[in-house]
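Hello,

Here is the structure I promised to pass on. Could you have a look when you get a moment, and then read my notes below?

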Amino acid sequence: MRSLYSAVSSFLAACATLIATTSVATAQASEVRSCWLTHYTFVGKSEPQLRAIAQNIRNGGMNTVYVGMYSGQSTLWPSRAYKAAGGNWASSNIDYARDLCRIFHDEGLQVGAWFEYGLAVGLGSHPLAIAHPDWLARDIGGDPVTGENGGFVFLSPGNQPATDLLVAMVTELAQDYDFDDIQLDRIRWGRKSTGREYGYEAPTAALYLAQYGVNPPANVNDSQWVSFREGLVNSLMQRCFDAVKSANPTIVVSSAPTGSYGITQHMQRWSSWLAGGYMDLVMPQMYLTSLSSFQTEFQTCRTQAGPYLSKLGVGYRASDDTDWSLVQNQLNYARGQGVAHGALWVYHQYTAQIAIQDEIDHLPAPGGPWNASAVNPFVSSHSIQIVGDDADGAATYAETSGGWQASAQSGAMRFGSRVAPGTAPASVEWNLAVPRTGTYDVYVWYTAANNRNDTAQYTVHSYDETSVVPIDQRTNGSRWIRLGRFLFGQGPSAVRVSLTNTGADAAEWTSADAVKLVHAPEGENECATAPNTAGPGMLVGWSGTTSVSANNLVLVAEGGPPNSVGLFYYGAAATQVPFGNGFRCIGGSSWRLGPPQFLDANGNTLRFVNYTSPPMNSGGGAITAGIQRRFQFWYRNAAAGGAGFNLSDAVALTFTP
């Protein structure tokens, strides 16, 4: 232990004067490498088949898959909003959103919900188009039929109920599933031939009249008329972005707009989304079949992206008759121009061969653009949302006592819910695995009715306490209700939330439906972690509060070598300087927070902070209300070679009274 103290002392003394020549581990590239996975591929597939698909994608050098959740005129999840509007589900008992998130995450992929159809309904015979003909975008002659996909009709961006439906559907995907990304497609006007023909339906015309005092002009390319209709698309995109971020701010919002012609024909000015701050990543479809035509289109889109080049990617077309080397050449060109993010279209089975198989086989080859592995830089390590539903089976939802039965009440989270009368004790448990130690907001979902239990007893089984939270189930049903914020330790499936009908009268029923844990760090993580012998690197988190008077802050470090030793330290200034096998994230003076401590068998550790003890209560290390401090974890990693020690990322916390 003496050598550890000596190393730490030397480290702290040298923090202010280190230079960038210090040994550092090689970090993975940061770029989105993805493909779109249509419903043609995964509907009807078994879990082993889905895992084989995921492994095939992963072996192709990709880190992200966008799975079609709204396509083929149906939703691939039990969308309450879509069904209420007259739409159909792809299955009455299979939730593809839930299953694909679980399976593809298990296989090491980031998973995006691809909202493919967007404003496109499908053919005019679709039940949604028949039930709501007033929702459809129409040309000056009143015709809603476009020249796209054999005659698709589109919902109008100027129709409030229609856009409300889309926002509600996107909100469901963000609230109810563990998606890393929600990718919005076809948020645009349809095209009959040359483009810009639509927008003459009554709701949009009325909006234009109210704003400009005249009816829409017959000239579809009138600049004011075009700008107005572009603004309606922009407004819908911003509403969708805000809905996702309100549900879970760690979820990425991306889009796959049409390329340069999206602006000239579909009034889809995606550059405004970037400039307006309501889009994290755009990957325009640049489906060109020669390198020269691709280069022209790429440069046009690159110019449109302007100062937001870091948020630009490319949608590449990979079809059965496309030589893999063309896609490789296009990739290499875009990467040489500073745009590494990309997605391959199309991964489905219209013919005997999966369309991008050539690319999967060749792109990761030595010297190829996707040879070395890469991480998706847009997806936060804090993007964790764990949902347990009564339809998930006994491993997740277990009725431990009582006469539980199917409920006839509408408003279930997925396919149904369960209820138990108050005539005898009844209880259920939700068993969930927690992938990362940290603070989580806990939510519950139930169906409400006048005869429900007004003191349903939910118990949260967190890391350091068991908390009972009574909920009145007579009101506020069919939505997520927050029970509070709790600390959970990383671990396999275990009871995280339970429910009893304690206190219910004989005539009162208790509803059991779903629970949700959402990782909820409040501090801002910064700086870079670096790979270690256990994985991609250590991360710092926290729970409790930053209130000095409450004195209940808990620091968390995870992802280190099991049973190794290290310590927390803190300071005021931010920096990022190579040091050891990682990066020093705290500049200037710094203070050690307590003695060294060992990581557990999972490579995690906790530190309960005490503001009344040195160095936090005196001198330069004192922490008082109104100041900000950064915390980092130093740890031994001798097997990694180099300096034999490494560092986590850092978290910045601002303290309150």
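This is a predicted model: local features need pLDDT of at least 70, side-chain atom pairs count only at pLDDT 80 or more; totals for chains, interfaces and linings use all residues.

I began with the salt bridges, and the count comes to 23.

Next, look at Glu 107 and Arg 51, whose side chains form a salt bridge at 2.8 Å, N to O. Here, too, distant parts of the chain are linked, since Glu 107 sits in the loop between H5 and strand E7 (110-115) while Arg 51 is in helix H3, 56 residues apart. Are these two residues buried or exposed? Glu 107 is buried, and Arg 51 is buried as well.

These two pairs belong together in the picture: Glu 47, Arg 51, Arg 102, Asp 106 and Glu 107 are linked in a network of salt bridges.

Another pair to check is Asp 139 with Lys 192, a salt bridge of 3.5 Å from N to O. Asp 139 is found in the loop between helix H6 (127-131) and strand E9 (152-154), and Lys 192 in the loop between strand E10 (181-184) and H8, so the bridge ties together parts 53 residues apart in sequence. With a relative accessibility of 11%, Asp 139 counts as buried because the cut-off is under 20%. Lys 192, in contrast, is partly exposed, at 30% relative accessible area.

Now for the helix pair. Helix H8 (residues 202-212) and helix H9 (residues 223-247) have axes that come within 11 Å and cross at roughly 115°. The crossing of H8 and H9 is right-handed. Which residues meet there? From H8 they are Thr 204, Leu 207, Tyr 208, Gln 211 and Tyr 212, and from H9 they are Gln 224, Trp 225, Phe 228 and Leu 232. By type, the residues of this contact divide into 6 nonpolar and 3 polar, with no charged ones.

Best wishes

Technical notes: Residues are numbered from 1 along each chain as its sequence is written. Side-chain values use heavy atoms; hydrogens and water are left out. Axes are lines fitted to C-alpha atoms, for helices over the stretch in contact, and angles run from 0 to 180 degrees between N-to-C directions. Helices (H or I, at least four residues) and strands (E, at least two) are DSSP runs, numbered from the N terminus. A crossing is left-handed if the near helix is turned anticlockwise from the far one by less than a right angle, and right-handed if clockwise. Contact means heavy atoms within 4.5 Å. Ala, Val, Leu, Ile, Met, Phe, Trp, Tyr, Cys and Pro count as nonpolar, Asp, Glu, Lys and Arg as charged, and the others, Gly among them, as polar. A salt bridge is a side-chain nitrogen of Lys or Arg within 4 Å of a carboxyl oxygen of Asp or Glu. Buried means under 20% relative accessible area, exposed over 50%, partly exposed in between (1.4 Å probe, protein chains only).
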